[in-house]
Amino acid sequence: MAIGHRFRRVALRRRMRDYVRGLLAPVARKNSWQLAEQAGHSTPDGLQHLLAGAKWEPDGIRDDLQEYAMISPLELEWHAREETLRTLGMLRTNPSP
């Protein structure tokens, strides 16, 4: 699942990654300070900027996540195996008839 293209700057992508990892981490309280500390930031300023003032596409991210959630686990596994076989050169990209 890729949502990086929804952010115009690399710094914003990294902050979003840190923010989501913090939300998923076993942090007792999910406020800006604790999430920033979890991510290794000295202050919560970057995460606060992400949430309050940065330009990114929340509607597009929502749509991407909804589309991802609609895919069945079996289909996800198939795509992963197919990509692995293609990477190893064991699956042709354009099979000839």
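## Burial of Asp18

Buried means under 20% relative accessible area, exposed over 50%, and partly exposed in between (1.4 Å probe, protein chains only). Asp18 counts as buried because its relative accessibility is 12%. This is a predicted model, in which local features need pLDDT of at least 70 and side-chain atom pairs count only at pLDDT 80 or more, while totals for chains, interfaces and linings use all residues. Residues are numbered from 1 along each chain as its sequence is written, and side-chain values use heavy atoms, with hydrogens and water left out.

Asp18 lies in helix H1, residues 10–24; helices (H or I, at least four residues) are DSSP runs numbered from the N terminus. The side chains of Asp18 and Arg17 make a polar contact at 3.3 Å (a pair of N or O atoms within 3.5 Å, one able to donate a hydrogen and the other to accept it; residues adjacent in sequence count only if both atoms are side-chain atoms). Setting aside neighbours within four places in sequence, Asp18 is in contact (heavy atoms within 4.5 Å) with Ala39 and His41.

## Nonpolar core

A nonpolar core is a set of buried Ala, Val, Leu, Ile, Met, Phe, Trp, Tyr and Cys residues joined through side-chain atoms within 4.5 Å. The largest one has 10 residues: Phe7, Leu12, Met16, Tyr19, Leu35, Ala36, Leu47, Leu50, Ala54 and Ile61. Two or more residues come from each of H1, helix H2 (32–39) and helix H3 (45–52), and H1 gives the most, with 3.

Not counting residues up to four places away in sequence, Tyr19 touches Leu35, Leu47, Leu50 and Leu51.

## Helix H5

Gly89 follows H5 and has a positive phi, near 80°.
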